[in-house]
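Biologist: I would like to learn how to read pockets and surface patches in a model. Could you walk me through an example?

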Amino acid sequence: MANHLFNLHSSMKKVYFFFVLIGISNSLIAQVADKEAIKATINKLFEGMQKNDSAMAHSVFHHNARLNTIGYSKKNMQNYFIADDRVSGFLEAIAKPKTENWREQATSFDIRIDKQMAQAWVPYTFHLGDKFSHCGVDNFVLFKEKTEWKIIYLVDTMREENCAK
């Protein structure tokens, strides 16, 4: 009888372990899918910028989104400042006709997710047409609204030195 109970207990451990593995696998698959969706959201913003398509760019922002830029004075590169921008002002700038399109390109993505919130650390290069302008890092905070990732906060840095062109 004890042997039978041991075998039953051992079988239950195997079943439990099997379901734990399935749960972990499903969680990892969901994380990979979310990371790809977040990258797609960010790349859609960059595509909207390049095409002067403010509607495309607008579609990736949550209605309560905020923007900031950390920059420096060209006269004194040690004098950093934080500029607050409105999403509407950013979208107006995207829509304005330009002689040289904006081309922002991610050089990598470091994405972290906790349930409905994600953070993406995205180093980038920025070109006006084919001419290099600057580089920096975009720090996106995103919210998963139903099935879509929306940008709720974007703060970026800009610099002209130490850039991978």
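**Reading pockets and a patch**

Modeller: Gladly, and let us begin with the second largest pocket: strand 1 gives the most to its lining, with 3 residues. Keep in mind that this is a predicted model.

Biologist: Which residues line the second largest pocket?

Modeller: The general idea comes first: rolling a probe the size of a water molecule over the atoms shows where empty space is left. Here, the lining of the second largest pocket consists of T69, G71, Y72, K74, F81, S133, H134, M158, R159 and E160. Two or more residues come from strand 1 and from strand 6. Sorted by class, this lining has 3 nonpolar, 4 polar and 3 charged residues, and the pocket's volume is about 170 Å³.

Biologist: What volume does the largest pocket have?

Modeller: About 380 Å³. Its lining counts 19 residues, and T69, D85, F90, D156 and M158 are the closest to the centre. Among the elements that give two or more residues to this lining are helix 1 (2–50), helix 3 (87–95) and strand 7 (148–157).

Biologist: How many nonpolar, polar and charged residues are in the lining of the largest pocket?

Modeller: There are 12 nonpolar, 3 polar and 4 charged residues.

Biologist: Now the surface, please. Which residues make the nonpolar surface patch?

Modeller: I70, Y80 and I82 make a nonpolar patch of about 320 Å². You will find I70 in strand 1.

Biologist: Why does I70 count as partly exposed?

Modeller: Because its relative accessibility is 31%, and partly exposed lies between the cut-offs of under 20% for buried and over 50% for exposed.

How values were computed: Residues are numbered from 1 along each chain as its sequence is written. This is a predicted model: local features need pLDDT of at least 70, side-chain atom pairs count only at pLDDT 80 or more; totals for chains, interfaces and linings use all residues. Side-chain values use heavy atoms; hydrogens and water are left out. On a 1 Å grid over the protein atoms alone, a cavity is a set of points where a 1.4 Å probe fits but cannot get out, and a pocket is an open set with protein on both sides within 12 Å along at least five of seven lines; lining residues have an atom within 4 Å of a point. Grid points are joined across faces, edges and corners, and a volume is the space filled by probe spheres set on the points. Helices (H or I, at least four residues) and strands (E, at least two) are DSSP runs, numbered from the N terminus. Ala, Val, Leu, Ile, Met, Phe, Trp, Tyr, Cys and Pro count as nonpolar, Asp, Glu, Lys and Arg as charged, and the others, Gly among them, as polar. Patches are made of residues with over 30% relative accessible area and no salt bridge: like charges are joined within 9 Å, nonpolar side chains (Val, Leu, Ile, Met, Phe, Trp, Tyr) within 5 Å. Accessible areas come from the Shrake-Rupley method with a 1.4 Å probe; for residues, only the protein chains shown count as cover. A salt bridge is a side-chain nitrogen of Lys or Arg within 4 Å of a carboxyl oxygen of Asp or Glu. Buried means under 20% relative accessible area, exposed over 50%, partly exposed in between (1.4 Å probe, protein chains only).
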